[in-house]
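Try each task yourself before you read the solution.

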Amino acid sequence: MRLWVVIGALAVAINASIAEITRNKNRGRGSMWWGIAKAGEPNNFLPMSPASLHMDPTVYATLRRKQRRLARENPGVLMAVARGANQAIVECQHQFRNRRWNCSTKNFLRGKNLFGRIVDRGCRETAFIYAITSASVTHSIARACSEGSIQSCSCDYTHQSRPPSTTRDWEWGGCSDNIGYGFKFSREFVDTGERGRNLREKMNLHNNEAGRAHVSSEMRQECKCHGMSGSCTVKTCWMRLPNFRVVGDNLKDRFDGASRVMVSNSDRVRGNGNAIVSNSASNSVHGHREGLGRRHRYNFQLKPYNPEHKPPGPKDLVYLEPSPPFCEKNPKLGILGTHGRQCNDTSIGVDGCDLMCCGRGYKTQEVTVVERCACTFHWCCEVKCQLCRIKKTVHTCL
Amino acid sequence: MDNVEIPIFYDDEPDFMEHDYLQDVEYEYEYEDVERETLFELYQYCLRPTIYDTVLYLLPLFISTIIFRLCAYSQHISHKTFHILSILIGICNIYRYVAECLYTLLILCTISYVTLHIPKRYCKYVGIFLPSLFVITYCEFSMPSIIWHKVRGVVMTVAMKTISVGIDKFDTNDLPNIYAYMGYMFCSVTCLFGPWISFKDYISIRYVANQFKDKWWILYIIQYALLSFLFLSISNCWAQWIINDTSWKWLLAYKDALSFRMSHYFISYIASSLLLLGGFPFALSTIVKPLQIELPHSLVHVVICWNVPMHFWLKTYIFRPSIKYLGKFGAVTMTYLTSALLHGLNFQLAAVLLSLGFYTYIEFQLRSLLANIFDACIASKKCIKAKCTHTYNTHNSWWVFLTNVMFSGLSIFHLAYLGLMFDTSELQETGYSYIHTIEKWSQLGFASHWVVFATYCIYFLMR
């Protein structure tokens, strides 16, 4: 009996170490599709027009089998995903323009991750990347649906009976299914590689879900009353898809307050040498062998690293390990360092020269910039500008 | 959340192995401007649901109005049957749209009909107002605020009708029979969205309808309906789309006020098209004059054009009788006070209406004073071209035109300030509270009230 226990413990230890070694592979499986943002760009190997996106082999190289199937079955979806990926990059770079890590992207090459190897680590930045990409796919798909460029999401007007409201004077008559379709599609497409087998995959799943939750909660219904002198005899309502900048801002707030999570209880029991692991449903590799049903995939609760903190909510971002320093160049993680970055000499925040340059100091240059100025509006509809030469002081990190 | 780590400095793991790798070219992305809803999204999320919902919602009302028209035009049914049918259709409409106030309306009509029978010496002018004011006060305090805010307009229309009948009877001593009276009160065409029409107009539909046969009436109805939906779409969608949420605060105030005004035009034009469809003559169908309000000559004009039948009612039944006892200023105050009471005891409406009362009074006095001094057409009321007694008018001197434009601008400013509180906040369903009003106004620094105060000082010094 004791022998079995020992063997069991050994097996678990081996499995755990395998999981440790293959961590780097695990992370990227669901995230290669980010490369789609670069597909179709002229400086890629194969210059392709966006229309032929579905034929582009470099695109297909980034997609998993299931994602290819989804793209094949839903014509038009790939364009929306590509647009969403680009939107995510733009938004990420906007949100992090003043920070040491500025969400830089690599030239997309086959087999490489778009955001560099920072995503190998389960740090805050990775959490943000996953959340923002998932959110922007949801957003972009919902938008494409409303524009009618995806055929498989149609607004079925027969299916929108809502629970009767208390005032019973209004029923939603518009197309509110788009956001639902975006949500569902994003789950299918973005979460493909993440099965929730280990902690890192759970982290990815949680952050993807958080990104989607931010989009769908910002989708808001607005109503207006009409009636004699401001009374409310007739009430009409409509929907508004959120501006993606708002979603980005909210996610950035969550980034600042992200929760560090750790292995859940069952794993720790295992670490104590207690070999009875069969009930550790989620985290061990065994759980995978039993096969995780789709329903269980999103059904987990992560545990905060600091037991005094609250467990993360559905809209919070979670991460596993502290971020690496972004000051110096670190090719192993694909970090460019802050050499040559512009900084603001008057600011005391992260964009200030002291923090941005990590104390290495900075050089100041006078640069002449040509800008458009003295713009006037001509009826109708043209704006004419002059070109002005302006001297600017630019500070760059050493 | 996680306060243990400092989010900015990442110095905890300094030792990484150096490793050569292919340094790729970094991409530069241009930041797009903050995107705005596309036209298609506007259509998808706002225009289509708004129009679609409203048409579906109002369809039964239009159908019932057509039935009413057929009843009114039919020669085969007696007057009494017509009135009974009118009551039935009206009650059906009220039950369909505002069932909450059906009993209130029945009680109000019964009490006011009974008071008509009280002999003149026991019942003064004030007695005619008492039932309506009592019922409105009762509703204000006993009904849940959401429901009261919903049915307010309906109760107000009926109250105006009872008061007008009461005063007419007071003057002419001619008592309508119960069927005609109730038919008038519950007349399905006017019971929901107004406007107030006189008892005489209601009775004469049986006679007028047969004489008045304009071939193009259906085109007028379509025109009114289309315009009303245009105003609805401006109120719900276009105003929000054109003026961003991040604009200058006065522009935002203008947007909210614009949205409110457009909502009012929507209701008024729906009421107009219903009146025409119900068989009422074309002369009654002008309720609101949007152009005169959007580009106002003066605030007085705005008040007149805001709701023409209501203005007529206030002038006939409140202003003229009370001017004998109270003088001009008193009569103006009395008129706006009555209007505020009829709208329910809502602080925001009362504040807006009373402010408007003072504004119009001061504007009227100042402008007539200026018109006399400079002998120019710059008074609050437009000079009629043929009968202009002033030497200078807009056609022969530019400064008269300029002054009028300036006063118009001032009116637009006041309107933005007064109308901005009817926004789409949570409060729109329950009625706006006292705090909401003060907060909104204090955000703009009570600017318009100060301007009016300054105007008054100028007037006082010139007098």
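**Exercise 1. Aromatic pairs**

How many aromatic pairs does a search of the whole structure find over all chains?

Solution. The model is a predicted one, and the search finds 31 aromatic pairs in it over all chains. Let us take one of them, B:Tyr113 with B:Tyr181, whose ring centres are 4.9 Å apart. Their planes meet at 50°; planes under 30 degrees apart would count as stacked and over 60 as edge-to-face, so this pair is tilted.

Next, find the two residues in the chain. B:Tyr113 belongs to helix H3 (residues 102–116) of chain B, while B:Tyr181 belongs to helix H6 (residues 178–185) of chain B, so the pair ties together parts that are 68 residues apart in sequence. Both B:Tyr113 and B:Tyr181 are buried.

**Exercise 2. A second pair and its cluster**

Classify the pair of B:Tyr184 and B:Tyr202, then find the cluster around them.

Solution. Start with the geometry: the ring centres of B:Tyr184 and B:Tyr202 are 5.9 Å apart and the planes stand at 45°, so this pair is tilted. Now place the residues: B:Tyr184 is in helix H6 of chain B and B:Tyr202 in helix H7 (residues 199–211) of chain B, a link between distant parts of the chain, 18 residues apart. B:Tyr184 and B:Tyr202 are both buried.

**Exercise 3. Charges over rings**

Which ring does the charged end of A:Lys252 sit over, and which face does B:Arg69 lie over?

Solution. In chain A, look at A:Phe96: the charged end of A:Lys252 sits over this ring, 5.5 Å from its centre. In chain B, look at B:Trp217: B:Arg69 lies over its face, at 3.7 Å from the ring centre.

**Exercise 4. Disulfides**

How many disulfides are there over all chains?

Solution. The count comes to four disulfides over all chains. A disulfide is a covalent bond between the sulfur atoms of two cysteines.

- The angle about the S-S bond is 110°, and the link is right-handed. A:Cys92 lies in helix H5 (residues 77–95) of chain A and A:Cys103 in the loop between H5 and helix H6 (124–147) of chain A, so parts eleven residues apart in sequence are tied together. A:Cys92 has 0% relative accessibility and counts as buried.
- A:Cys357 and A:Cys397 are 40 residues apart, in distant parts of the chain.

**Exercise 5. A cysteine in no disulfide**

Which cysteine sulfur is nearest to that of B:Cys191? Is B:Cys191 buried or exposed?

Solution. The nearest cysteine sulfur is that of B:Cys187, 7.1 Å away. A disulfide needs sulfur atoms within 2.5 Å, and B:Cys191 is in no disulfide. B:Cys191 has a relative accessible area of 1%, so B:Cys191 is buried.

Definitions and conventions
Residues numbered from 1 in each chain as written. Chains lettered and ligands numbered in written order. Predicted model: local features only at pLDDT ≥ 70, side-chain atom pairs only at ≥ 80, totals over all residues. Heavy atoms only, no water. Phe/Tyr/Trp six-rings, centres within 6.5 Å; stacked < 30°, edge-to-face > 60°. Helix = DSSP H or I, 4+ residues; strand = E, 2+ residues; numbered from the N terminus. Buried < 20%, exposed > 50% of the residue type's maximum accessible area, 1.4 Å probe, protein only. Lys NZ or Arg CZ within 6 Å of the ring centre and 35° of its normal.
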